[in-house]
Amino acid sequence: MSAAREWLKQARSVAVLTGAGVSAESGVPTFRGAGGLWKRQRAENLATPEAFARDPKLVWEWYDWRRTVLAGLKPNPGHYALAELEKRTPNFTLITQNVDGLHELAGSRNVLRVHGSIWMLRCLTCGSEQQDRRASLPEIPPRCTCGGLLRPGVVWFGEALPTAVWRAAEAAARSCDLLLVIGTSAVVYPAAGLAHLAKSSGARVVEINVAETPLSREIDEFLLGPSGELLPQLISPERARRNAAAARFDGTRMPRRPVRS
Ligand code: BJW
Ligand code: ZN
């Protein structure tokens, strides 16, 4: 942790790659691993254009259910720590594979959503895109005003990532001094390749995860633990220490201040 803190202090340009694990402490299920899978479904079975072509209603039911779950969730201390890091780092890029929108809710501004957003809908007929933050949609599958079928504005397996967003993500990985890789199994490409790109371009790479990934032995520092705890310790250690100390005193043990009338 202390080496990573020092690299963060020295870095002039910081990039961050996040995955589902960063939202796990908000209550968002991950895709893989123990407790992973959304409603017992594998992303590989439903997150494909073929699955959508075969049964748009089934795929939409999965996404609609996920939207309902996500609508009730809030960012966690890991999301907030990253938003704070952005404010004090002149050259900062947050690259996320997550489609949940929790980074933006926490206050992150420069967010590259390489796998799109679950809150965007795109028409298969006229190509128009619209944001729709309703938890559940009144009609499944939803239709565009032109009558065409709408699809979730996310990137499925076998689909290209949005070109401009992906170029910006590659540029950030290539030019950063430090890349933080947080809560991703690092098995889905091309996103996982950003860590190799940053490393081969001379950046330090620090990973935070509750379990080892294929990257863990190839990078500079692996921090084992939940990102909702480790990110505040990495980014604002003083505040994290104060909060931890405060949490040790519950209402009954906390010395009471005299109440002035
Ligand atoms: C914690 C924690 C806590 C838990 N704190 N940590 C063979 C080799 C290489 C590539 C391929 C291949 N065969 C096929 C491909 C390509 C394919 C791919 O990578 N497949 C692999 C699975 C094998 N990739 C694609 O198809 C991509 N497109 C592409 O390649 O296009 C080429 C092309 C070019 C030009 C024209 C046409 C095509 C697209 C990939 C799209 C991925 N989409 C999804 C669904 C998005 C929509 C939705 O949400 O429904 O994206 S799949 C799913 O996986 C989602 C995620 O963003 C993505 C990554 O998952 P992530 O975030 O890493 O989550 P998990 O669950 O895997 O991991 C969570 C981690 O958190 C774990 O490590 C935990 O330990 C950790 N954790 N709690 C910290 N508290
Ligand atoms: Zn349309």
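**Questions on a predicted model**

Visitor: Is Ala186 buried or exposed?
Guide: Ala186 has a relative accessible area of 6%, and buried means under 20%, exposed over 50% and partly exposed in between, with a 1.4 Å probe and protein chains only. This is a predicted model, in which local features need pLDDT of at least 70 and side-chain atom pairs count only at pLDDT 80 or more, while totals for chains, interfaces and linings use all residues. Residues are numbered from 1 along each chain as its sequence is written, chains are lettered from A and ligands numbered from 1 in the order in which they are written, and side-chain values use heavy atoms, with hydrogens and water left out. Because 6% is under the 20% limit, Ala186 is buried.

Visitor: What is the phi of Ala186?
Guide: Ala186 lies in the loop between strand S7 (178-182) and helix H9 (193-200); helices (H or I, at least four residues) and strands (E, at least two) are DSSP runs numbered from the N terminus. Ala186 is a residue other than glycine, and its phi is positive, near 55 degrees.

Visitor: Which residues come nearest to ligand 1?
Guide: The residues around ligand 1 number 35; a residue is near a molecule or strand if one of its heavy atoms lies within 4 Å of it. By class, this shell has 19 nonpolar, 12 polar and four charged residues, where Ala, Val, Leu, Ile, Met, Phe, Trp, Tyr, Cys and Pro count as nonpolar, Asp, Glu, Lys and Arg as charged, and the others, Gly among them, as polar. Those that come nearest are Arg32, Tyr63, Thr184, Ser185 and Asn209.

Visitor: How much of the area that ligand 1 exposes when taken alone does the protein bury?
Guide: Oxygen atoms of ligand 1 lie 2.7 Å from a polar backbone atom of Phe31, 2.7 Å from a polar side-chain atom of Arg66 and 2.6 Å from a polar side-chain atom of Thr184. Taken alone, ligand 1 exposes 1500 Å², an accessible area from the Shrake-Rupley method with a 1.4 Å probe; for residues, only the protein chains shown count as cover. Of that area, the protein buries 73%.

Visitor: Which element gives the most to the shell around ligand 1?
Guide: Two or more residues of this shell come from helix H2 (21-24), and likewise from helix H5 (56-71). With three residues, the element that gives the most is H5.

Visitor: To which side chain does Gln97 make a polar contact?
Guide: Gln97 is placed in the loop between strand S2 (91-96) and helix H7 (102-106). At 12% relative accessibility, Gln97 counts as buried. A polar contact is a pair of N or O atoms within 3.5 Å; within protein, one must be able to donate a hydrogen and the other to accept it, and residues adjacent in sequence count only if both atoms are side-chain atoms. At 3.0 Å, the partner of the Gln97 side chain is the side chain of Thr184.

Visitor: What is the site of the zinc ion (ligand 2)?
Guide: The protein donors are the SG atoms of Cys123, Cys126, Cys144 and Cys146, lying 2.3 Å from the zinc ion; donors are N, O and S atoms within 2.8 Å of the metal (3.2 Å for Na, K and Ca), and water is not among the atoms, so sites may look incomplete. Four donors count as tetrahedral if all angles lie between 85 and 135 degrees; four count as square planar and six as octahedral if opposite donors are over 155 degrees apart and all others between 65 and 115; anything else is irregular. Because the angles among the four donor atoms are 103 to 118 degrees, the site is tetrahedral.

Visitor: How many residues apart are Cys126 and Cys146?
Guide: The donor residues of the zinc ion are spaced C-x2-C-x17-C-x1-C in sequence. Cys126 is in the loop between strand S4 (116-123) and strand S5 (129-131), and Cys146 in the loop between S5 and strand S6 (150-154). The pair links distant parts of the chain, and the two residues are apart by 20 residues.

Visitor: Which side chain does a polar contact of 2.7 Å join to that of Ser216?
Guide: Ser216 is placed in the loop between strand S8 (204-209) and strand S9 (221-224), and at 8% relative accessibility it counts as buried. A polar atom of its side chain lies 2.7 Å from the backbone nitrogen of Thr213. The side chain joined to that of Ser216 belongs to Glu207.
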